[in-house]
Amino acid sequence: MRFHSRRWPAAAVLAAAALLAAACGAPASPGTASSPAGRPVASGSFPVSIAAAGSVVRIAARPAAIVSLSPTATEMLYAIGAGPQVKAVDSLSDYPPGAPVTKLAAFQPNVEAIVAYKPDLVITSNDTGLAKKLAAFSVPVLNLPAPAAVAGEYAEFRELGQATGDVAGAQREIAALRAGIARIVAAVPHRARPLSYYYELDQTYYSVTSATFVGSLLRMLGMKSIADSASGAASAGGYPKLSPEFVVRANPDYIILADTVCCHQSAATVAARPGWSTLSAVKDGHVITLNDDIASRWGPRVASLMQAVETGISKGTK
């Protein structure tokens, strides 16, 4: 899923709701999956009830026909070994190769089209009443919105493992992610001050603050967003729209482009913007280009995102 600038603010609001639900969740009981703040249940027994994103989802039996309406969830399903259980994925789920891509819409789901696949579990990251609609067909919906930090991602892997019966696979993926992120963070040198950055979601200057999911990853790399001081950053859910003048005044150490595919942005197009050729990041070659999808999904490839940024920093300091 390409969470371009217009998508990110909504995702941020959903993430905040999920964290609030986690804080208010009841302790897990036998046969019930833990809340995001809890520990994963060791077995994959069913029926199972999962507390996620402010609601409790009951799954009667191990799903054999999963429909994923979230490209991030699709990646997560295959990462934990639940790929054989996936019957259909939305039109934006382009990874991994071989996933059963359909015309199903992630952001404007068609209930009749979904039900036609006879799913026993539907997964989404943007539930706008879908769970209520599919309840009429006795189809459970697991909502896994964008988390605020990597701990929330680990929690979603646990929930997904419980929902699919692939608990061991989820635990393995969490362990692998922890280890990968730890290796990347360990390679970051100590700095007297954080490196400042401008993270571009698209060429209309939507960005992220340090309080967002992406911002939390970059904080681990010793970086701080210039958007933190932008007017209205908090009310925008951490995804404010900046102005080109704001970026020029902030003169960030690094520019990170998450719009290289959707919007064809590059170090050359950035340098050609009026006044941007004077930026330190441009003059010093500190423009880091990312794959849009990896940059906008919080699934198993977040370590790849961090590695790309860390590599860009390392090249820039040589």
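**Entry 1: β3, β4 and their sheet**

I started with strands β3 and β4, which pair in the parallel sense over 3 bridges. I am working from a predicted model.

I then traced the whole sheet. It is open, has 4 strands in the order β4-β3-β5-β6, and is parallel in its pairing. I noted β4 and β6 (141-143) at the edges; each has a single partner strand, so one side of each is left without a neighbour in the sheet. On average, neighbouring strands here are turned by 20 degrees against each other, direction ignored.

Next I asked which strands helix α2 touches. I found it packed on the sheet, in touch with β3, β4 and β5. The direction of α2 makes about 135 degrees with that of β3. I also checked α5, which lies across β3, β5 and β6. It runs at about 170 degrees to β6.

**Entry 2: helix α2**

I looked up burial along α2 (residues 71-79). Of its 9 residues, 7 are buried, so the helix is largely enclosed by the rest of the structure. I listed the buried ones: Pro 71, Thr 72, Ala 73, Thr 74, Glu 75, Met 76 and Leu 77. Those residues pack against β3 (66-68), β4 (86-89), β5 (121-124) and α5. Just after the helix I picked up a backbone detail: Gly 81 takes a positive phi of about 95 degrees.

**Entry 3: Thr 164**

I placed Thr 164 in helix α5 (residues 150-164). Is Thr 164 buried or exposed? I read 0% relative accessibility, so Thr 164 counts as buried. Its side chain reaches the backbone oxygen of Gly 161 at 3.5 Å.

I then listed the contacts of Thr 164, leaving aside neighbours within four places in sequence. They are Phe 46, Arg 62, Pro 63, Ile 66, Leu 77, Ile 80, Ala 82 and Gln 85. Two of these names I had already met.

I checked β7 against both of its partners. With β8, it pairs in the parallel sense over 3 bridges, and the bridge partner of Leu 195 is Met 223. With β9 (residues 254-257), β7 (residues 195-200) is joined by 4 bridges, again running parallel. Here I found Tyr 197 opposite Tyr 254.

How many residues of β7 are buried? I counted 6 of its 6. Leu 195, Tyr 197 and Tyr 199 point one way from the strand. Ser 196, Tyr 198 and Glu 200 point the other way.

**Entry 4: the rings around Trp 276**

I followed Tyr 198 out of β7. The structure holds 2 aromatic pairs. Tyr 198 and Trp 276 form an edge-to-face pair, 5.9 Å centre to centre, with 75 degrees between the planes. Tyr 198 lies in strand β7 and Trp 276 in the loop between α9 (267-271) and α10 (280-283), so the pair ties together parts that are 78 residues apart in sequence. I read a relative accessible area of 0% for Tyr 198. Trp 276 also has 0%.

Tyr 205 and Trp 276 form a tilted pair, 5.8 Å centre to centre and 40 degrees between the planes. I placed Tyr 205 in the loop between β7 and α7 (213-219), 71 residues from Trp 276. Both Tyr 205 and Trp 276 are buried.

Arg 273 lies over the face of Trp 276, at 4.7 Å from the ring centre. Elsewhere, I noted Arg 301 over the face of Tyr 95, at 3.8 Å from the ring centre.

**Entry 5: totals**

Buried residues make up 51% of its 318 residues. Among contacts between residues at least 6 apart in sequence, 62% join residues at least 24 apart.

Methods: Residues are numbered from 1 along each chain as its sequence is written. This is a predicted model: local features need pLDDT of at least 70, side-chain atom pairs count only at pLDDT 80 or more; totals for chains, interfaces and linings use all residues. Side-chain values use heavy atoms; hydrogens and water are left out. Two strands pair if DSSP finds at least two bridges between them. Helices (H or I, at least four residues) and strands (E, at least two) are DSSP runs, numbered from the N terminus. Rings of Phe, Tyr and Trp (its six-membered ring) pair if their centres lie within 6.5 Å; planes under 30 degrees apart count as stacked, over 60 as edge-to-face and the rest as tilted. Buried means under 20% relative accessible area, exposed over 50%, partly exposed in between (1.4 Å probe, protein chains only). A charge sits over a ring if NZ of Lys or CZ of Arg is within 6 Å of the ring centre and within 35 degrees of the ring normal. A polar contact is a pair of N or O atoms within 3.5 Å; within protein, one must be able to donate a hydrogen and the other to accept it, and residues adjacent in sequence count only if both atoms are side-chain atoms. Contact means heavy atoms within 4.5 Å. Axes are lines fitted to C-alpha atoms, for helices over the stretch in contact, and angles run from 0 to 180 degrees between N-to-C directions.
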